[in-house]
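Please find below my notes on the structure you asked me to look over. They are arranged as numbered points and can be read alongside the model.

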Amino acid sequence: MINWSLRQLASALAHKQVSSVELTQTFLDRAQRYNRELNAFITLDPERTLAEARAADRRIAHGNTQPLTGIPVALKDIFCAQGWLTSCGSKMLHNFVAPYDANVVEKLKQAGAVTLGKTNMDEFAMGSSSESSHYGPVHNAWDLRAVAGGSSGGSAAAVAARLTPAALGTDTGGSIRQPASMSGISGIKPTYGVVSRYGMIAFASSLDQGGPMAKSAEDLALLLNVISGYDARDSTSLDRAAEDYTRDLDQSISGLRVGVPKEFFADGLDADVASAVQAGIAELEKLGCKLVEVTLPQTRLSVPAYYVLAPAEASSNLARYDGVRYGYRAPEYGDLRDMYMKTRAQGFGEEVKRRILIGTYVLSHGYYDAYYLQAQKVRRLIAQDFQSAFERCDLIVGPTAPSVAFDLGAKISDPVQMYLGDIYTIGVSLSGLPGMSIPCGFGQQKRPVGLQIVGNYFQEARMLNVAHQFQQATDWHTQMPAAFS
Amino acid sequence: MQWEVVIGLETHAQLSTVSKMFSGASTQFGGAPNTQASAVDIALPGVLPIANRGAVERAIRFALAVNGTINRRSIFARKNYFYPDLPKGYQISQYELPIVQGGSIAFFVEQHEKKVNLTRAHLEEDAGKSLHEAFHGMSGIDLNRAGTPLLEIVSEADMRSAAEAVAYARTLHALVRWIDICDGNMQEGSFRCDANVSVRPLGERKLGTRCEVKNLNSFRFLERAIVFETRRQIELLEDGGKVVQETRLYDPDRDETRSMRSKEDAHDYRYFPDPDLLPLEVSDALIDHVRADLSELPNAKRNRFQHELGLSRYDAALLTANRETAGYFEAVASALPQHPKLAANWVAGELSSRLNKEDIGIERSPISPAALAGLLRRIDDNTISGKIAKEVFDRMWETGASADEIIEREGRRQISDSSELERIVDQIVEANPAQVAEYRSGKEKAFNFFVGQAMKATKGQANPAQVNEILRKKLAQ
């Protein structure tokens, strides 16, 4: 049962082969049992979760079922969910119980899903290893010595170890795709504006995008059907007709032009990753895709541009955490200024403080033009690169990350090394394009490798089609870490 | 040395929308603290702003009223600073691209016409309130006002006296009320001014160092603060000192301005475009929609009064000083279509001065436009003289009765019966032979004596033109 797809689970529930309470209890038991090793969850609240499962069973009994009725889904702790601690992995919000539901949480509830728990993450989603959490690092389900990837590492580890059938994550510069890659699962970041950001705690507003993380492309499509759509409470949400992301899953991908950017296979890509990704691309070719070499010349500028723009927005987005109205406040302080300083010094971790400082600096008088405006120009150039590439191909494929999951602690003291690991995902984020990662093999120490698929705006259905066809022909996505079976 | 003061004003007009600039919470004044603060207003994690269309429409209305340029694409920007009554740690405002640029405001100061150019007007949200009293060493925060929509209207440094600044502020105040974008309530803070004041030697072209004076929530404070600040700067310069660029606070109790913060401790607000809000696009359709909803704007009305009704520029300006006065005048004038000037003279003259004296707004005038028109009609048809009309006007004011009632009841009808007037004149001529001799010897002054006597005998009701004519005739004999 723990390996069943969402369709199989929905069918079993609808046919009353299993109740939501039984199903939910199974995953809750696993989550509680394995969380000691993985630290994938910040909050598990079995009573609250089981109450939702019981309510789902009542609806099933009345024949009133929605696509996800009774199926547990875990939420990255960045999503506000009414009554749940919503810490965003930070001491700053260690006591913040959300009084409202994020738009995607509302949508999951309307679709009948049961909230399994809140997953661990890098503090305020700032990180690529889920080590910067106030609640301690997440461990990789395939190798507990390794990081799970980040920032949605808790969601990735929970899906990988089958502690939940599926989870939601968020992606600002790769935070869904990279942990999916390192944890051997599937994850998709939709086109910017497809999923509402309302109730998703902001890191960098112009980049943040929520998305599903699951075992297969088919599950991703089902989840994306539920969580996507216009939301009047988010000005950047796109007002367009609803799509059925499952519609193209079974189509042939023969004749599809797949672009392979040469910059993604240059220096910096580990050999084990390169060979797994090349094998994955060869598989696509076998399925009839035509390979096209494309170029994304500004790739090397994507990391510096991102690490100006994202911190700039973050420095402002995180100003509200001041100890005045909610969240952490320093226990002792003198005047107002002292209260601010102590609260923020104690409430934020190192990486968050580093980014607030960078962001404050690049927005400062006299530096704004040289950094912020310059980075915005680079951002436009990067987006143009992708548009030029898409004139020659339908989709772009390549590695999601330059390496497999690294050891815990290996990069924590070297932020630049950590940032460079985002090189293949960041350009997609800066361009607002949809990107996904699916498992395509294993590298060193049998740690998973992800294949990244990037589409043009609103090409999610096509990307999911390719991923699904790949997964019909391969079994990388069905493998799970032996320690949790 | 002769000095010249240079003044520019920044005015915050609270827009009269039902809900806030970026949230659905109510903007009603006076609610219990924090009862009108939504999740967005208190800046909970994860919430997002949505621009209020009503506020945008009001900004467009303002642009149309001052002949400003409406930017079809303007940008909301974040102004970052920490303060407990600023929940997000930034204020959403407009910086590089405001919704309105340019435009002007024209008015009269005494008899001289003045035009003040506007730099810009932009949309922004208000902060909350910090309450420092009654919390024993702590401060209370009330976020009801946080997020209230404001239009910040920035003038050029075009004013040269406190009187001009006050006249500008009054004209602007009347305008925003006229076009119904702001209730203008200064006690509640719906209309507040900051003044940028500098002085320079008369004839000098370079501007002096300016100080920004804040907390001017009445026209009187605005005037007092500028007068004080001008004097302070002149005295400082004449004593060989230098004006330091700073923000100063006006203290009405002491009638002085005090330094609040200098340029050195000025914040670096780190403005940048708000990534939560798309650029604000204003379409032709929206502008047309706003325009269609507008009644005749003050400028257009002023021109019409001047060119179609033949009023002086001054009267036209006076009668369009606010919507109520214009409405009153138009009601009187439409009842007397042949005599717009007579209507203008009375509304701008007798009525206005009486209203001023008693400190009553024209909308609460005890004499209605129809009643005033009734009085003017009796002047026009010679039932009463202009002089008697002023007395009838006073009686109307006191009693609420119509002009006709008073004229009849109190016998104020003008005597135009020539045989009656001739009889009266004959009696006077007969009774005053000495003055007759004086007049006939060439002393023209003596004529006035006879006019006075005739008026006295008729209790002022004699038709003055007729009395003159009869007197000339009789005295010439």
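This is a predicted model: local features need pLDDT of at least 70, side-chain atom pairs count only at pLDDT 80 or more; totals for chains, interfaces and linings use all residues.

1. Overall form of chain B. The secondary structure of chain B comprises 15 helices and 17 strands. Its radius of gyration is 30 Å, well over the 23 Å that the globule rule gives for 477 residues, so chain B is more spread out than a compact globule. Along the principal axes, the C-alpha trace of chain B spans about 100 × 55 × 50 Å. Of the 477 residues in chain B, 42% are buried, and among its contacts between residues at least 6 apart in sequence, 69% join residues at least 24 apart.

2. Domains of chain B. The domain assignment gives domain 1 (3–285), domain 2 (295–409) and domain 3 (418–476). Taken over C-alpha atoms, the centres of domain 1 and domain 3 of chain B are separated by 66 Å.

3. Nonpolar cores. Which residues touch the most other members of the largest nonpolar core? In this core of 259 residues they are V73(A), A59(B) and A195(B). Helix α2 (residues 162–178) of chain B supplies the largest share of the core, ten residues, and at least three residues come from each of domain 1 and domain 2 of chain B. Apart from this core lies another, of nine residues, which includes L421(B), A462(B), V467(B) and I470(B). As for A195(B), when its neighbours within four places in sequence are left aside, this residue is in contact with I7(B), L9(B), A165(B), V213(B), L216(B), L222(B), A225(B) and I226(B).

4. Contact between the chains. On the side of chain B, 23 residues are in contact with 33 residues of chain A. The residues of chain B that touch chain A divide into 15 nonpolar, three polar and five charged.

5. A covered strand in chain A. Strand β6 (residues 166–171) of chain A is mostly covered, with six of its six residues buried. A166(A), L168(A) and T170(A) point one way from this strand, while A167(A), G169(A) and D171(A) point the other way, and all are buried. With strand β2 (residues 72–76) of chain A, β6(A) pairs in the parallel sense over two bridges, and A74(A) stands opposite A167(A) in β6(A). With strand β8 (residues 209–214) of chain A, β6(A) is joined by six bridges and runs antiparallel; here D171(A) stands opposite Q209(A) in β8(A).

6. Is helix α5 (residues 153–160) of chain A enclosed or exposed? Eight of its eight residues are buried, so the helix is largely enclosed by the rest of the structure. The buried residues of α5(A) include G153(A), S155(A), A158(A) and V159(A). Just after α5(A), R162(A) takes a positive phi of about 60 degrees. The peptide bond from G150(A) to S151(A) is cis, with omega near 10 degrees, and S151(A) lies in the loop between β5 (143–147) and α5 of chain A.

7. Two further backbone points to check. Most residues other than glycine have a negative phi, and most peptide bonds are trans. C88(A), although not a glycine, has a positive phi of about 60 degrees; this residue is found in the loop between β2 and α4 (103–110) of chain A. C88(A) is buried, with 34 other C-beta atoms within 10 Å. K459(B), also not a glycine, has a positive phi of about 55 degrees and is placed in the loop between α14 (445–457) and α15 (464–476) of chain B. K459(B) is exposed, with 12 other C-beta atoms within 10 Å.

8. Three strands of chain B form an open sheet in the order β5-β4-β16, and the pairing is antiparallel. The edge strands, each of which pairs on one side only, are β5 (90–94) and β16 (272–273) of chain B. Strand β4 (residues 76–80) of chain B pairs with β16(B) in the antiparallel sense over two bridges, and A77(B) stands opposite P273(B) in β16(B).

Terms used
Residues are numbered from 1 along each chain as its sequence is written. Chains are lettered from A and ligands numbered from 1 in the order in which they are written. Two residues are in contact if their C-beta atoms, placed from the backbone, lie within 7 Å. Ala, Val, Leu, Ile, Met, Phe, Trp, Tyr, Cys and Pro count as nonpolar, Asp, Glu, Lys and Arg as charged, and the others, Gly among them, as polar. Helices (H or I, at least four residues) and strands (E, at least two) are DSSP runs, numbered from the N terminus. The radius of gyration is taken over C-alpha atoms; the globule rule is 2.2 Å times the number of residues to the power 0.38. A residue is buried if 20 or more other C-beta atoms lie within 10 Å of its own, exposed if 12 or fewer, and partly exposed in between; C-beta atoms are placed from the backbone. Two strands pair if DSSP finds at least two bridges between them. A nonpolar core is a set of buried Ala, Val, Leu, Ile, Met, Phe, Trp, Tyr and Cys residues joined through C-beta atoms within 7 Å. Domain bounds come from an automatic or database domain assignment.
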